[in-house]
Amino acid sequence: MMVSLDIEGLFTNIPVDQAIELAVNLLYQDIDHALNFSRSTLRKLLQMVSKDVVLLTQRKTLSQVDGVAMGSPGGHLLSNIFVCRFDD
């Protein structure tokens, strides 16, 4: 039997800090220096692109408070990493 599920409001319901920790641990799981920078630097970079995101409209400036902003750089990657941990 094949089942398909849709997660309503996925991006806005992703716990950003937890998703960032999962991403950092995934990238550094085998080698401590997998990238040319430290875990803490990667964590800070991911926080910069996923937290305190400002959304501009024609009339207002809005701020994403909870979850990951749709269309933000890396937002889809953090969401996929978070959801895939339930697939195991």
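This is a dialogue about how to read the features of one predicted model.

Me: What should I know about the model before I begin, and how are its residues numbered?

Reply: The model is predicted, so local features are taken only where pLDDT is at least 70 and side-chain atom pairs only at pLDDT 80 or more, while totals for chains, interfaces and linings use all residues. Residues are numbered from 1 along each chain as its sequence is written, and side-chain values use heavy atoms, with hydrogens and water left out.

Me: How many helices and strands are there, and in what order do the elements run?

Reply: Helices (H or I, at least four residues) and strands (E, at least two) are DSSP runs, numbered from the N terminus. The protein has three helices and two strands, and from the N terminus on they follow the order α-α-β-β-α.

Me: How much of the protein counts as buried, and how much accessible surface does it have?

Reply: Buried means under 20% relative accessible area, exposed means over 50%, and partly exposed lies in between, with a 1.4 Å probe and protein chains only. Of the 88 residues, 23% count as buried. Accessible areas come from the Shrake-Rupley method with a 1.4 Å probe, and for residues only the protein chains shown count as cover; the total for the protein is about 6900 Å², with 56% of that belonging to carbon and sulfur atoms.

Me: Which residues of helix H3 are buried, and why do they line one face of the helix?

Reply: The general idea is that an α-helix has 3.6 residues a turn, so residues three or four places apart point the same way. In helix H3, which spans residues 75-84, the buried residues are Gly-75, Leu-78, Ser-79 and Phe-82. Seen down the axis of H3, these buried residues fall within an arc of 100° (taken from the directions from the helix axis to the C-beta atoms), so they line one face of the helix. Their cover includes helix H1 (16-27) and helix H2, where contact means heavy atoms within 4.5 Å.

Me: Which residues does Ser-79 touch, and what does Val-68 contact?

Reply: Ser-79, found in helix H3, is buried at a relative accessible area of 1%, and apart from residues up to four places away in sequence it touches Leu-10, Phe-11, Ile-14 and Val-68. Val-68 lies in the loop between strand E2 (61-63) and H3 and is buried with a relative accessible area of 0%. Leaving aside neighbours within four places in sequence, the contacts of Val-68 include Phe-11, Gly-75 and Ser-79.

Me: Where is Phe-11, and how far apart are Phe-11 and Leu-78 in sequence and in space?

Reply: Phe-11 sits in the segment before H1; in sequence Phe-11 and Leu-78 are 67 residues apart, whereas from C-alpha to C-alpha they are 9.1 Å apart. For the protein, residues 24 or more positions apart account for 55% of the contacts with a separation of 6 or more.

Me: Is Ser-50 buried or exposed, and what does its side chain reach?

Reply: Ser-50, in helix H2, is buried, with a relative accessible area of 3%. Its side chain reaches the backbone oxygen of Leu-46 at 2.5 Å; a polar contact is a pair of N or O atoms within 3.5 Å, where within protein one must be able to donate a hydrogen and the other to accept it, and residues adjacent in sequence count only if both atoms are side-chain atoms. Beyond neighbours within four places in sequence, Ser-50 is in contact with Val-16, Ile-20, Gly-67 and Leu-78.

Me: How many salt bridges are there, and which residues form them?

Reply: Side chains of opposite charge can pair when their charged atoms come close. A salt bridge is a side-chain nitrogen of Lys or Arg within 4 Å of a carboxyl oxygen of Asp or Glu, and the structure holds two. One joins Asp-17 and Lys-51 at 2.8 Å, N to O; this pair links distant parts of the chain, with Asp-17 in helix H1 and Lys-51 in the loop between H2 and strand E1 (54-56), 34 residues apart. Glu-21 forms a salt bridge with Arg-43, their closest N and O atoms being 2.5 Å apart, and that pair links helix H1 to helix H2 across 22 residues.
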